[in-house]
Amino acid sequence: MTDTASSTGSGHDPAAASGYPDHPPRMGFFTDTSVCIGCKACEVACKEWNLIPEDGLDLTGMSYDNTGGLSADTWRHVAFIEQRKPIGVQDPGLQHTGDVLAMAEQGAATPPADAAMNPTTPGQAGEFRWLMSSDVCKHCTHAACLDVCPTGSLFRTEFGTVVVQEDICNGCGYCIPACPYGVIDRREGDGRAWKCTLCYDRIGAGGEPACAKACPTESIQFGPLDQLRERARQRVEQLHGEGVADARLYGADPDDGVGGDGAFFLLLDEPEVYGLPPDPVVTTRDLPSMWRHVAAAAGTLVGMAAAAFTAAAFGKR
Amino acid sequence: MAECHPVGFQWVMEAKARGATVIHVDPRFTRTSALADLHVPLRAGTDIAFLGGIVNYVLANEKYFHDYVVHYTNAASIVTEDYAGPADMDGFFSGFDAEKRHYDFHTWQYEGAEVQAASGERDLEYPDRAGGDPPSGSGVRQAGRGEAHGSGGASSGQARTDPTLRHQRTVFQILKRHFADYTPEMVEQVCGVPPEKFLRVCEYLTENSGRERTSAFVYSVGWTQHTVGVQYIRTASILQTLLGNIGRPGGGILALRGHASIQGSTDIPTLFNLLPGYIPMPHAHANQDRAAFLAAEGTDKGYWANMGAYLTSLLKAWWGPAATPENDFCFDYLPRLTGSHSTYETVMAQTRRECVGYFLYGENPAVGSANAKLQRLGMAALDWLVVRDFSLIESATWWKDGPEIESGELSTREIATEVFFLPAAAHTEKDGSFTNTQRMLQWHHAAVEPEGDARSDLWFTYYLGKRIREKLTGSTDDRDRPLLDLTWDYPVHGPLDEPDADAVLAEINGADAQGNPLSSYEQLTDDGSTTCGCWIYCGVRAGGANQAARREPGDRQNWVANQWGWAWPANRRILYNRASADPDGRPWSARKALVWWDSDEQRWTGHDVADFAATKPPDYQPPSDAHGPAALAGTEPFVMQDDGKAWLFAPAGLVDGPLPAHYEPQDSPFENRLYPQQRNPVRQVLPFKGKHNRMQPSGAQPGTEVFPYVATTYRLTEHHTAGGMSRWQPYLAELQPEMFCEISPELAAQRGLTHLGWATIVTARAAIEARVLVTERMSPIAVQGRTLHQVGLPYHWGHNGYSTGDAANELAALSLDPNVHIQEVKAFACDIRPGRRPDAAGTAELVREYQRRAGITDETGTEI
């Protein structure tokens, strides 16, 4: 079951390319952050179902996000972003005059150092929004983690998702720098790589992943990827109609650097605001051409050597 | 709601997706605000002024639902000549007795009505002899009985009315005059809400109310936890009634509670002053027998006139064959109230050694109750304490590691309390029902057996009862008869001999003389031939089947979905739904149709079960000698009230006024702008001589400036109440790992507080420390010409468990709402300073220093 990074284009079927001629539709997540209420039920449900260890009591000061990010021990992570920006026709009712960041250099909930990235610089009085977004493994169409895995621990499922098998993983860690999103991670004291399986055990039995099941507001939607993409497109149109001009999809484009994500998002700001890379590229994308270049270079060397020998032979004559 | 009830909030999100406008009024910008269309921050403790302002807007701009108001409310009723309101009485209602600190409500009655005082007030005749000399009047009066009154109220007889609403003493005109002072400018002065924002709320609300549209109010217990808490809800009721939003789909006032079955625990009450189904608990002196009790407590009209059937069936359910007509159905077996025995008065009684034994079932007062120190001191004075919980909560270990042990105020060797900790089973380990805010019972089945010594509350209570009865076997003492005669014979099953919860439900449902399950409370009789453990639950096991266990999917039934679970009474999903139709029985509008009169079939029909006599036509006029439900006309939808009307003005039933009036919280940095009277004059203050429940100066009093900020306490999504169910859970603890306070950047700058640093929050009771979260979600607000900063305090933490911290409830005082005795923890003045607090002894000294600076004595804040 290998997935070749060389195959690109929007028609790419990762399950078929991995040797499932007759497979169920590709399944994925559509996380609509515009209806996320930040309850973190997804985080808890994920940990409960997948028996992931608790990973520390740290008050981070990053708003209500005390999780920090995805890791070997966190497969769903809810980000909280406090922003001086309006959200459609919503009235936040808050009145802070002046530059609150300068005033409290001790820090607003968004650390001042990040303010350039998280636009909390003073806006109009009353402009404020609190964004919440549940992040997860993207289950890329072209998954570099899988490409580089030497043991076959990482594999492509019949649902087109990417799963790591803890009984095969040898902890080499090649997958970790390969992930363009920084999702997959080695567990401390264990050494093996862990990440979201899109609840392969549940969906294989006809269920839905634990996080989607627990989500009270349908911010996390699970289903066939093409249906989710169509629903997401309509939702963005609706939000634009309601004046939420910032609404955009992230990871829904099959022509992006990873061939589109199996888990994609509706965001209300630039991806960087949520800690997501703006233009992710499958890190193994250039491997084939690199090898071609290597081969070409090697061929050239061989040719030059041959030419040299020939020349020498001629010379001897 | 998104913070504390995220699962229920999905329906708000669904309504929003269908075009609903969501308004969130809260001092803080929360997860709810993040999804609302409009967030309105206001000063904590000023909601009556805010809602009263909307009432004024509705009346002044004639935005009320005229036909609904005229026909279905008491707007046209004429009140006695002697009534006077706070605008004319310096902030008091007529009838105030300064010495006893209570109101005589007789001047609040309808004119021409036969004044029949509700029993709570009637018991004023019998001063409380057992409860000592409470400073705020009779202990019997303090028993309040707000819940019982809310469900019935006093008889109003045949009051005079003026359907034109022009008579100066109609409820409608009184209402107009009363709220005339609640102008947008006043709202700005009191609440700190700018007029343009306030008017936007008024417009949203009135545009979405009326014939074609309805609006719903949702509140959580934060609304109740004030010295005027009941009047908060009253103001919302007045508003929703004026707008025609009661008894109609999409309307109502929804109370979201702190636990999964708090509704159930008032229906089958854990409250001292109620019997099941909101039947009042008898008082020691007033009600000599069943007939006298019923004459005092029942009504002439409406369904409370049948209280005799409900009560007698209850007595038969409890005492079975022992309850006979000859012994008045064992009415004398019921305990009698000798005063108020609410939770806070019980704590005071503990400190006086009047209460010497205490059961805590899933409750952690050492963290979760106001003035946590007093809670611990009360427990330290007990002979015995039983704690049933999942973990060793603070209320189970204060005797060895509480703050008073650290400070040396208490010493483990000298505490005589014998403490028993008995592990409790979780809901997943037992059968039973939850009753949610919609009054809907949903059955849950045990998934696994409890581990180790953990047992269900049902198991514990059943076997405790069995053992006590065994000990009393053979007793000839009359006082043991109520225990020995109890029907205590539930079948048991499983490896733990668990009592059968379904058998308990069957007893609650009731049966006829042959033992057949009843299907409706209309079948109950007062001759002893029926049994029923809770009349409003009658029918939950109709046909012998557990109706609460029904799980018919939504797509296989209509939108009311009344085949999912079972709602009391009679599986009605919307109470008083006769009001969804006009006086002629036709829906007010097609899109808001719920029930209506079918003239062909000559009965009420519709999507929901009609909350009305099924065959009583809209044009029915009762004969003059009619009694009970038959005395209600076909146009009187509020069938529990004895005039069949929604009460805009409450002629009886409330101890602090027939109308809501804004008073400042017990500890407030501001003067009352509406009335010269600063605080609710009949609030309950429980002074504790000996410095542990000191109140603060308020308004313009000297020393107020020592506590210039306003604190409010609340819950976070990640934790549950006092933390017993969440702080021990690693998956929840890691999400909110520490006690923190939330403050604005402006306050941080003003007081030198640093993000993620420490702060100490101080009141006249205590000082606690918390990590600092500086956030723009806390907005400074302009009140009475100055800037007010508010301090947000989650109240989940204590010092046991996996995630720990100081308890916010150390800071709060015991100053209570006089109707229901609930504490004021949602608004109190405080100071905040940078850095951690000193050790326990140093903290006590710090508090004393603040008391000295503010000139606080035992008497401070206890004046009227």
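User: How many other C-beta atoms lie within 10 Å of B:Ala570, and is this residue buried, exposed or partly exposed?

Analyst: The model is predicted, so local features need pLDDT of at least 70 and side-chain atom pairs count only at pLDDT 80 or more, whereas totals for chains, interfaces and linings use all residues. Residues are numbered from 1 along each chain as its sequence is written, and chains are lettered from A and ligands numbered from 1 in the order in which they are written. Burial is read by counting neighbours: a residue is buried if 20 or more other C-beta atoms, placed from the backbone, lie within 10 Å of its own, exposed if 12 or fewer, and partly exposed in between. B:Ala570 has 18 other C-beta atoms within 10 Å and is therefore partly exposed.

User: Where is B:Ala570 found, and what is its phi?

Analyst: B:Ala570 is in the loop between β16 and β17 of chain B; helices (H or I, at least four residues) and strands (E, at least two) are DSSP runs numbered from the N terminus. Phi of B:Ala570 is near 60°, a positive value in a residue other than glycine. The loop between β16 (566-567) and β17 (595-598) also holds B:Pro569. The peptide bond that leads from B:Trp568 to B:Pro569 is cis, and its omega is near -10°.

User: What is the phi of B:Arg353, and is B:Arg353 buried or exposed?

Analyst: Phi of B:Arg353 is near 65°, again a positive value in a residue that is not glycine. B:Arg353 belongs to the loop between α15 (343-351) and β9 (357-361) of chain B. With 10 other C-beta atoms within 10 Å, B:Arg353 is exposed.

User: How many residues along the chain separate B:Lys100 from B:Val682, and what is the distance between their C-alpha atoms?

Analyst: B:Lys100 and B:Val682 are 582 residues apart along the chain, and their C-alpha atoms are separated by 9.2 Å. B:Lys100 is located in the loop between β3 (96-97) and β4 (102-103) of chain B.

User: How are two packed helices described, and at what angle do α9(B) and α10(B) cross?

Analyst: Two packed helices are described by the angle between their axes and the distance between the axes. Axes are lines fitted to C-alpha atoms, for helices over the stretch in contact, and angles run from 0 to 180 degrees between N-to-C directions. Helix α9 (residues 184-191) and helix α10 (residues 195-207) of chain B have axes that come within 9 Å and cross at roughly 115°. This angle makes α9(B) roughly perpendicular to α10(B); under 35 degrees counts as roughly parallel, over 145 as roughly antiparallel, 65 to 115 as roughly perpendicular and the rest as oblique.

User: Which residues of α9(B) and α10(B) meet?

Analyst: Two residues are in contact if their C-beta atoms, placed from the backbone, lie within 7 Å. From α9(B), B:Pro184, B:Glu185, B:Val187 and B:Glu188 meet B:Pro195, B:Phe198 and B:Leu199 of α10(B). This contact has 5 nonpolar, no polar and 2 charged residues; Ala, Val, Leu, Ile, Met, Phe, Trp, Tyr, Cys and Pro count as nonpolar, Asp, Glu, Lys and Arg as charged, and the others, Gly among them, as polar.

User: At what angle does α3(B) pack with α10(B), and which residues meet?

Analyst: Helix α3 (residues 47-60) of chain B packs with α10(B) at about 60°, the axes being 10 Å apart. The two helices are therefore oblique to each other. B:Gly53, B:Ile54, B:Tyr57 and B:Val58 of α3(B) meet B:Phe198, B:Val201, B:Cys202, B:Leu205 and B:Thr206 of α10(B). By class, this contact comprises 7 nonpolar, 2 polar and no charged residues.

User: How many helices and strands does chain B have, and what is its radius of gyration?

Analyst: Chain B has 25 helices and 28 strands. Its radius of gyration is 27 Å, close to the 29 Å that the globule rule gives for 864 residues, so chain B is as compact as a globular protein of that length. The radius is taken over C-alpha atoms, and the rule is 2.2 Å times the number of residues to the power 0.38. Buried residues make up 55% of the 864 residues in chain B. In chain A, which has 9 helices and 10 strands, buried residues make up 47% of the 317 residues.

User: How many residues of each chain are in contact with the other chain?

Analyst: 41 residues of chain A are in contact with 44 residues of chain B. On the side of chain A that touches chain B, α2 (41-50), α3 (100-103) and β3 (129-136) of chain A each supply at least two residues. The most comes from α2(A), with 5 residues. The residues on this side of chain A divide into 19 nonpolar, 12 polar and 10 charged.
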